[in-house]
Amino acid sequence: METITSRQNPLCTHLRKLAASASYRRRCGEFLCDSPKLLEEALLWQGALHTVISTDQVPLPPIPAGVRHVRVPEDVMGSVSPAQTPQGVLSVCGMPERPLPEKLTGTRYMVLDGVQDPGNVGTILRTADAFRSDGLLLVNGCADLYNPKTVRATMGAVFRCPVWSCSVETLAALLETSGLPLYGAALRSDTVDAREADYRRCAVAIGSEGRGLSREVLDLCDKTVRIPMSEHCESLNAAAAAAVLLWEAARDTL
């Protein structure tokens, strides 16, 4: 086990860049987890754990051989942690190699269309994992899956539930090849009550927080669904809407 006491150490610079830059994360093939819970999940689900950074105050599970383990004082942890209140443990994990499949062979998928809030993307992934979704597809500039805020919100689902990014054109071809209908959370002439849709095999699209589904994704939808709610409420937060639809889709199988 190493000890680092300088904020200018190259590892500290690396951690700050991983927290701040999506392009740096992609270039390095690594991302940052910032809690004991995420370390436990990485160990449990065999994430590609490269480095563990911790303070003396935090008890840790056994760190596997070959994983770099570094102890730092609290002031150094505060300088490298992306969290406002550091929990005393950071983990550096390798990004999994996950090419887009030629065909989606699962039962249910969630499509996120321009959902830019990292907390929402992470929460939706966590919810999709809880309700046995077979994966997420991100289109139109969603928040980076490996942003520390996104990773934190997944509560470990980032290590379990597959996520792919692609263009709308690629999504359209993939859905057609897979024989998957797409249901969009939106209002148009064919909109049905979300409780009446057939979710036995489908993909469900959720739009951005501000504008909803884009026209290009809406045009791909075989059907649109509406979540019943009070008349004085216009819409739900993207993560809340996704949770309702994911639960509705899975409730007969839980």
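The legends below describe close-up views of pockets and salt bridges in a predicted model. Local features need pLDDT of at least 70, side-chain atom pairs count only at pLDDT 80 or more, and totals for chains, interfaces and linings use all residues. Residues are numbered from 1 along each chain as its sequence is written, and side-chain values use heavy atoms, with hydrogens and water left out.

**View 1. The largest pocket holds about 610 Å³ of space.** A pocket is an open set of points on a 1 Å grid where a 1.4 Å probe fits, with protein on both sides within 12 Å along at least five of seven lines; lining residues have an atom within 4 Å of a point. Of its 22 lining residues, Ala185, Ala186, Glu234, Ser235 and Leu236 are the closest to the centre.

**View 2. The second largest pocket has a volume of about 360 Å³.** Its lining has 20 residues, with Leu138, Asp144, Leu145, Tyr146 and Ser165 nearest the centre.

**View 3. Aspartate 75 and arginine 7 form a salt bridge at 3.6 Å, N to O.** A salt bridge is a side-chain nitrogen of Lys or Arg within 4 Å of a carboxyl oxygen of Asp or Glu. The two residues are 68 apart in sequence, so the pair ties together separate parts. Aspartate 75 is partly exposed at 40% relative accessibility (buried is under 20%, exposed over 50%, partly exposed in between; 1.4 Å probe, protein chains only).

**View 4. Arginine 251 and glutamate 248 meet in a salt bridge at 2.9 Å, N to O.** Arginine 251 is partly exposed at 38%, whereas glutamate 248 is buried at 12%.

Key:
Grid points are joined across faces, edges and corners, and a volume is the space filled by probe spheres set on the points. Helices (H or I, at least four residues) and strands (E, at least two) are DSSP runs, numbered from the N terminus.
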